[in-house]
Amino acid sequence: MTHWDRTPVGPDGACCGTAVYRREPVYVTDIRSDPLWDSYRHLVEPYGVRAVWARPLFSSEGKALGTFAILYRDVGSPSAHRLAVD
C-alpha cells in the first residue's frame, strides 16, 4: 500500500482534511464521483474503497486533534439511525 498518513486540511482534502477544515463530519457516498477525492482516489481505489465517512476530533480548546474515518467497499450514505447514534 502507498504510504499515506496525512491529508492537507482544506476545502479539497478528501474526507479527513475537509472535515477538519469545515469543522463538521463529511460523508462521501462515492469517491469515484466526488470532487473532494480528485487528488486522492488513486490511493484507495486499488483496495476497493468506494465511500468514506469522516468525523473531525477537537480538543476542549477547539484544537484539531485528528479525524475518525470509516471506509466502505460499497457506495452509500449513513442512515438516519446511524447519524442519530453518532
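These legends go with close-up views of a predicted model.

**View 1. Three strands form an open sheet.**
Start with the sheet, whose three strands come in the order β1-β2-β3 with antiparallel pairing. Strands of a sheet pair through backbone hydrogen bonds, either parallel or antiparallel. Which strands stand at the edges? They are β1 and β3 (64-72), each with a single partner strand, so one side of each has no neighbour in the sheet. From one strand to the next, the twist averages 15°.

**View 2**
How many bridges join β2 to β3? There are eight, and the two strands run antiparallel. You can pick out two of the bridge partners by eye: F58 goes with A64 of β3, and W53 goes with I70 of β3. Between the strands of this hairpin lie five residues. Look there for G62, which takes a positive phi near 90°.

**View 3. Nonpolar residues gather in a core.**
In soluble globular proteins, nonpolar side chains tend to be buried together. Here the largest nonpolar core has 14 residues. Those with the most contacts inside this core are C15, V26, V28, I31, W37 and V52. Three elements, β1, α2 and β2, each supply at least two residues of the core. Leaving aside residues up to four places away in sequence, V52 touches C15, V26, Y27, V28, I31, W37, A69, I70 and L71.

**View 4. D30 and R50 meet in a salt bridge.**
How many salt bridges does a search of the whole structure find? The search finds three, and this view shows the one between the side chains of D30 and R50, at 3.0 Å from N to O. The pair links distant parts of the chain, 20 residues apart. D30 is in the loop between β1 (26-28) and α2 (41-44), while R50 is in the loop between α2 and β2 (51-58). Are these two residues buried or exposed? Both D30 and R50 are buried. R50 has a relative accessible area of 18%, and the limit for buried is under 20%, so R50 counts as buried. Not counting residues up to four places away in sequence, R50 touches T29, D30, I31, R32, Y72, R73, D74 and V75.

**View 5. R32 and E45 join two loops.**
Here is another salt bridge, with the closest N and O atoms of R32 and E45 lying 3.4 Å apart. R32 sits in the loop between β1 and α2, and E45 in the loop between α2 and β2. These partners are 13 residues apart and link distant parts of the chain. E45 has 32% relative accessibility, so this residue counts as partly exposed.

**View 6. D38 pairs with R41.**
In this salt bridge, the closest N and O atoms of R41 and D38 are 3.0 Å apart. The side chains of D38 and R41 are also joined by a polar contact of 3.0 Å. Where is D38 placed? D38 is in the loop between β1 and α2. R41 counts as buried because its relative accessibility is 16%. Now look from D38 towards D12: these residues are 26 apart in sequence, yet their C-alpha atoms are 8.4 Å apart in space.

**View 7. V49 lies in the loop between α2 and β2.**
V49 has 9% relative accessibility, so this residue counts as buried. What does V49 touch, not counting residues up to four places away in sequence? The contacts are I31, V44, L71 and Y72. V49 and R73 are 24 residues apart in sequence, while their C-alpha atoms are 4.6 Å apart in space.

**View 8. T18 sits in helix α1 (residues 16-22).**
Is T18 buried or exposed? T18 counts as buried because its relative accessibility is 0%. A polar atom of the T18 side chain lies 3.4 Å from the backbone oxygen of G10. Not counting residues up to four places away in sequence, T18 touches G10, P11, D12, G13, V26 and L36. V26, one of these contacts, is also among the residues with the most contacts inside the largest nonpolar core.

Technical notes: Residues are numbered from 1 along each chain as its sequence is written. This is a predicted model: local features need pLDDT of at least 70, side-chain atom pairs count only at pLDDT 80 or more; totals for chains, interfaces and linings use all residues. Side-chain values use heavy atoms; hydrogens and water are left out. A salt bridge is a side-chain nitrogen of Lys or Arg within 4 Å of a carboxyl oxygen of Asp or Glu. Helices (H or I, at least four residues) and strands (E, at least two) are DSSP runs, numbered from the N terminus. Buried means under 20% relative accessible area, exposed over 50%, partly exposed in between (1.4 Å probe, protein chains only). Two strands pair if DSSP finds at least two bridges between them. Axes are lines fitted to C-alpha atoms, for helices over the stretch in contact, and angles run from 0 to 180 degrees between N-to-C directions. A polar contact is a pair of N or O atoms within 3.5 Å; within protein, one must be able to donate a hydrogen and the other to accept it, and residues adjacent in sequence count only if both atoms are side-chain atoms. A nonpolar core is a set of buried Ala, Val, Leu, Ile, Met, Phe, Trp, Tyr and Cys residues joined through side-chain atoms within 4.5 Å. Contact means heavy atoms within 4.5 Å.
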